[in-house]
Amino acid sequence: MDLASNLQINGDRLWDSLEEMAKIGPGIAGGNNRQTLTDSDAEGRRLFQRWCEEAGLSMGVDTMGTMFARREGADPSLPPVYVGSHLDTQPTGGKYDGVLGVLGALELVRSLNDLGIRTKHPIVVTNWTNEEGARFAPAMLASGVFAGVHDMGWAYDRRDAEGKRFGEELERIGWKGEEPVGGRPMRAFFELHIEQGPILEDEGIDIGVVTHGQGLKWLQVTLTGRESHTGSTPMPKRRNAGLGMARVTELVHEVAMAYQPDAVGAIGHVEVYPNSRNIIAGRTVFTIDIRSPDKCVLDAMDGRIRAGIAQICEALDIAHEIEQVGHFDPVAFDEGCVKAVRDAAERLGYSHRDIVSGAGHDACWINRVAPTAMVFCPCVDGLSHNEAEAITKDWAKGGADVLLHAVVETAGIAE
């Protein structure tokens with residue numbers, strides 16, 4: 001298909017939409033705290049729905065709360081091209097992680113409306129529920145149910161730190177739809193996202209053509225020792241769960257470094273009990289996050305960490321439990337969709353390079369049920385999951401321009 005390089009989105013309108021959405025669920029340091037299924041999430045959804053309706057889209061919502069805004073094609077019987085990301089954020093999240101992908105998708109539809117372009121296939125702008133997994137683990141929960149990875153009943157029973165159930169909170173905010181999850185025919189799915197890493201900015205590259213996604217495992221570890229007085233318990237008599245966690249932290253770093261250049265690993269979420277100044281920790285609960293684009297490496301890291309934890313706990317006379325609370329294998333995105341992204345960047349004159357996603361995205365699950373690809377734009381210092389997350393208007397426009405071309409090429413222009 002011959003697409004003109006002057007087919008571009010309205011960058012000012014996209015930027016204004018990003019800034020308007022960022023007013024909902026503001027953080028404390030310039031970012032956002034719009035965690036999934038909170039009142040702020042509900043408000044952001046309502047604004048997105050209004051914008052979609054103003055753009056002439058029809059809205060569908062499934063029983064996981066995922067929003068599907070459809071622009072009809074010349075042939076409604078053809079499978080739609082889906083495009084989108086997520087509106088939920090981390091507790092101290094930025095204004096662009098996920099949101100750029102949703103509002104960039106909306107903007108491409110608005111731009112097609114402005115230009116009077118009708119596609120053969122319908123286009124569906126999508127907001128997936130609970131991509132972040134910050135409040136309800138695991139991440140990418142709704143897209144995982146859609147792709148048949150998770151059972152919906154299991155998903156509904158996920159609980160936050162206060163014991164609130166996902167299913168009940170979805171109903172409380174009024175965004176539990178009636179449409180069954182999954183079964184929607186898809187020609188393809190495209191997702192625009194900030195890189196969440198430093199490569200594109202460091203190399204002065206406009207567009208990341210995402211060819212693969214790293215595999216991931218989250219291991220929730222509970223170490224149980226014995227609470228005792230910090231001042232009066234002799235060092236050899238201690239069963240210190242806090243010391244065990246410290247040694248596991250070092251272990252995870254050493255294992256990740258052993259599989260360079262691509263493997264990563266760290267401990268994130270941490271809870272220490274009883275968390276008192278003069279009591280040796282009797283229990284610690286923490287999550288290990290390990291990732292690699294190579295499944296064999298990911299499995300080897302998992303095995304070494306489990307064996308190391310057992311040795312550490314035996315030496316310290318403490319007990320341990322390990323539960324895998326999140327996992328997906330490395331992803332290879334569809335070659336045809338990836339080519340559409342690469343061709344779009346070249347057609348538009350944007351510099352580009354192939355890149356592997358270090359983070360998990362809804363596209364990683366949807367890749368199981370439809371041809372899928374992703375577009376990355378740079379972010380300042382590679383910083384994300386932080387209120388200081390920043391991009392430029394030009395980066396946002398460049399990513400959305402490439403998204404527009406890849407989607408239109410895939411959807412086809414009606415004669």
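These legends describe close-up views of a predicted model. Local features need pLDDT of at least 70, side-chain atom pairs count only at pLDDT 80 or more, and totals for chains, interfaces and linings use all residues. Residues are numbered from 1 along each chain as its sequence is written, and side-chain values use heavy atoms, without hydrogens and water.

**View A. An open sheet of 4 strands, in the order 9-11-7-12.** The pairing is antiparallel. Strands are DSSP runs (E, at least two residues), and helices are runs of H or I with at least four residues, numbered from the N terminus. Two strands pair if DSSP finds at least two bridges between them. Strand 9 (264–273) and strand 12 (319–328) are the edges, each pairing on one side only.

**View B. Strand 7 beside strand 12.** Strand 7 (residues 215–224) is joined to strand 12 by 9 bridges. Tryptophan 218 stands opposite glycine 326 in strand 12.

**View C. Two cis peptide bonds.** Most peptide bonds are trans. Alanine 137 and proline 138 are joined in cis, with omega about 5 degrees. Proline 138 sits in the loop between strand 4 (123–127) and helix 4 (141–146). The bond from tyrosine 273 to proline 274 is also cis, with omega near 0 degrees. Proline 274 lies in the loop between strand 9 and strand 10 (279–280).

**View D. Positive phi at leucine 37 and asparagine 130.** Leucine 37 has a phi of about 60 degrees. Asparagine 130 has a phi of about 55 degrees. Asparagine 130 is buried too, at 1%.

Conventions. Buried < 20%, exposed > 50% of the residue type's maximum accessible area, 1.4 Å probe, protein only.
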